[in-house]
Amino acid sequence: MHEMSLAMSIVDLVMEQSTREGEVDRVSEVEVEVGNLAGVLIDSLEFCLEAAARSTLLEEANFKIIPTMAQGECPSCRASFEVASLYAVCCHCGAAGVTISGGQELKVRSFVIEEK
Amino acid sequence: MCDSCDCGSHGESVIISKPGADHKHSPTHSRTVQLEIDVLAKNNEIAARNRAFFASKGILALNLVSSPGSGKTTILERTIGDLKGQIPLAVIEGDQQTLRDAERIEATGIEVVQVNTGTGCHLDGEMIHRAMHQLTLEQDSILFIENVGNLVCPALFDLGEAAKVVTISVTEGEDKPQKYPHMFRAATLCLINKIDLLPHLDFDVAACRGFARQVNPELEFIEVSATSGEGMGQWYDWLRTRCI
């Protein structure tokens, strides 16, 4: 259940950044990028964000989770494809040892503030 | 004019609302702030500071991870018993509750701090930073950080360690690396523990290694029994090599 500590980190991060933005009434939207191999359950994260945002500037924010996919490259036939697990095999020739890139992202892309 | 009862009132001059229903905000204007910051950035920053401190004192910090009951604490007790006096050692114990593991380590005569995470499922950089202040960490020592028994969450949180050492015991399934690939990918060394029990079990060591290597071709393995002492010498050699 590390999603709760991640949700709290997201709320803290946006709160900290929003204080640098002047007279902020509230935060209405937060865009979070989550890679499919980041080890994060999106449903859980959404649930935790709602709880973590309570009584903060983000209380009414709409959390937009943007899922991103890892990319694999086959060591044998060099095909490129989206990868759904760390145990990927090439979807073209079936070879193992696929080189995986990306999919580990877990970042706040942007947020929308409502200024007074 | 009210269109229900001709009372002459206008909707805008009177606001009727139920508690908890949508309320109106005073007029504001929206602005998007681009951030592109890693959610774990703060933890990674603290972990980097821990790592720099360890490097400045020549301390080898190891993050010991596994599922509960794989024998991490027993491995530590045996390791301390065998290496005490040769290399300065210290331990940070992580558990949700109790001082039990810290008491076991304290009985070996070395310095130990217990971090109780409460409901938390992993240690993080800040907890290690705070725990470090409770320890007298010697130059060129080894700091063992025994993480909360959990093969999921600790994979994500950098503590500033030099390496993650994952332990799997032969009383578990050999398919653990397939079930929890993130941890086996993040680890540098895998200790396969309780090998004294192998004659009584059908744990396939080769299959376990194969599953783990599929997600982490660089992963090193040492087969040990913290009870009989078998293989422990190889583990100590690994530690000594890393200490230099």
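At 32% relative accessibility, B:Arg104 counts as partly exposed. Its salt-bridge partner is B:Glu77, with N and O 2.8 Å apart. B:Glu77 is partly exposed too, with a relative accessible area of 24%. This is a predicted model.

A second pair in chain B joins B:Arg209 to B:Glu223, N to O at 3.0 Å. B:Arg209 belongs to helix α7 (residues 205–215) and B:Glu223 to strand β8 (residues 220–223), 14 residues apart. B:Arg209 is partly exposed, with a relative accessible area of 26%. B:Glu223 is partly exposed as well, at 25%. In chain A, salt bridges with shared partners tie A:Glu29, A:Glu31, A:Glu33, A:Lys64 and A:Arg109 into one network. Over all chains the count comes to 21 salt bridges.

Now turn to the interface. Chain A puts 31 residues in contact with 31 residues of chain B. About 2,900 Å² is buried between the two chains, and carbon and sulfur atoms give 57% of that area. On the chain A side, A:Leu86, A:Tyr87 and A:Glu115 supply 25% of the area buried against chain B, more than any other three residues.

Polar links also cross the interface. The rule finds 15 residue pairs in polar contact there. Elements of chain A that each supply at least two residues to the touching side include α1 (3–18), β1 (24–35) and β6 (106–115). β6(A) gives the largest share, 10 residues. By type, the chain A side divides into 15 nonpolar, 7 polar and 9 charged residues.

β6(A) also pairs with a strand of the other chain. It runs antiparallel to β1 (residues 29–38) of chain B, joined by 8 bridges. Within this pairing, A:Ser110 stands opposite B:Gln34.

The interface holds 3 salt bridges. B:Arg31 takes part in one with A:Glu21, the closest N and O atoms being 3.0 Å apart. B:Arg31 also meets A:Glu115 in a salt bridge, at 2.8 Å from N to O. A:Glu115 lies in β6 of chain A and B:Arg31 in β1 of chain B, so this pair joins two chains. How accessible are the two partners, A:Glu115 and B:Arg31? A:Glu115 is buried, with a relative accessible area of 13%. B:Arg31 counts as partly exposed, at 31%.

Conventions. Residues numbered from 1 in each chain as written. Chains lettered and ligands numbered in written order. Predicted model: local features only at pLDDT ≥ 70, side-chain atom pairs only at ≥ 80, totals over all residues. Heavy atoms only, no water. Contact = heavy atoms within 4.5 Å. Buried area = accessible area lost by both parts, 1.4 Å probe. Salt bridge = Lys/Arg side-chain N within 4 Å of Asp/Glu carboxyl O. Polar contact = N/O pair within 3.5 Å; in protein donor to acceptor, adjacent residues only side chain to side chain. Helix = DSSP H or I, 4+ residues; strand = E, 2+ residues; numbered from the N terminus. Nonpolar A, V, L, I, M, F, W, Y, C, P; charged D, E, K, R; others polar. Pairing = 2+ DSSP bridges. Buried < 20%, exposed > 50% of the residue type's maximum accessible area, 1.4 Å probe, protein only.
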